[in-house]
Amino acid sequence: MKLSWDNVIEGQGLGITLTGMLVVFSGLALISLFIARLPNLLVLFDRLRGAASAPTAATAKDKSETGPDPPDDEEIITALTLVLHLEMERAGGDRQRITIRRRPGQGSIWNSAGRMRSLSEGGPHA
């Protein structure tokens, strides 16, 4: 097998390489443009969604007269989770730490590298 640039030219390697580079560059350019324009698209999406479900001035006035809405289930769960987290953090102390305790005298596995017996030495089960 002969290795030379003639094989690349005969197999249209340069054209395939340039086509692949163009495809990758185009894909990365499109992703970059999408990321750059994403804030504008989100604002447009909010406007379109907000126009469909925008409250009228009369409903906003009625809500202000009746008082705040009662909390929904997600708000209650969020508040309970926060209280639980803060209470566990306050009362936890050392009980919150997860550690791996070594047995005394065991040391690191690297210390036992020369003292281990292999199966090739033989033994009662080898």
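Gln12 has a relative accessibility of 59% and therefore counts as exposed, since the cut-off for that class is over 50%. In this predicted model, Gln12 sits in the loop that links helix H1 (5-10) to H2. Its backbone deserves a look as well: phi of Gln12 is near 55 degrees, a positive value in a residue that is not glycine. Most residues other than glycine have a negative phi.

The protein has 4 helices and 0 strands, and read from the N terminus the elements follow the order α-α-α-α. H2 has the highest mean pLDDT among them, at 93, while H3 has the lowest, at 60. Over the protein the mean pLDDT is 77, and 61% of the residues reach 70 or more.

How much of the protein is buried? Of its 126 residues, buried ones make up 1%. The accessible surface comes to about 12600 Å², and carbon and sulfur atoms account for 65% of that surface.

Part of the surface forms a nonpolar patch of about 970 Å². Its members are Val24, Leu28, Ile31, Phe34, Ile35, Leu38, Leu41, Leu42, Leu44 and Leu48. Leu38, one of these residues, belongs to helix H2, which spans residues 13-52. Is Leu38 exposed, partly exposed or buried? With a relative accessibility of 31%, Leu38 counts as partly exposed, because that class lies between the buried limit of under 20% and the exposed limit of over 50%.

A patch of another kind carries charge. Which residues gather in the patch of negative charge on the surface? They are Asp69, Asp72, Asp73, Glu74 and Glu75. Asp69 is found in the loop between helix H3 (57-66) and helix H4 (73-92). The relative accessible area of Asp69 is 57%, so this residue is exposed.

Definitions and conventions: Residues numbered from 1 in each chain as written. Predicted model: local features only at pLDDT ≥ 70, side-chain atom pairs only at ≥ 80, totals over all residues. Heavy atoms only, no water. Patch = residues over 30% accessible without salt bridge, like charges linked within 9 Å, V, L, I, M, F, W, Y side chains within 5 Å. Areas by Shrake-Rupley, 256 points an atom, 1.4 Å probe, with all protein chains shown as cover. Salt bridge = Lys/Arg side-chain N within 4 Å of Asp/Glu carboxyl O. Lys, Arg positive; Asp, Glu negative; His and termini not counted. Charge placed at Lys NZ, Arg CZ, Asp CG, Glu CD. Helix = DSSP H or I, 4+ residues; strand = E, 2+ residues; numbered from the N terminus. Buried < 20%, exposed > 50% of the residue type's maximum accessible area, 1.4 Å probe, protein only. pLDDT = per-residue confidence, 0-100.
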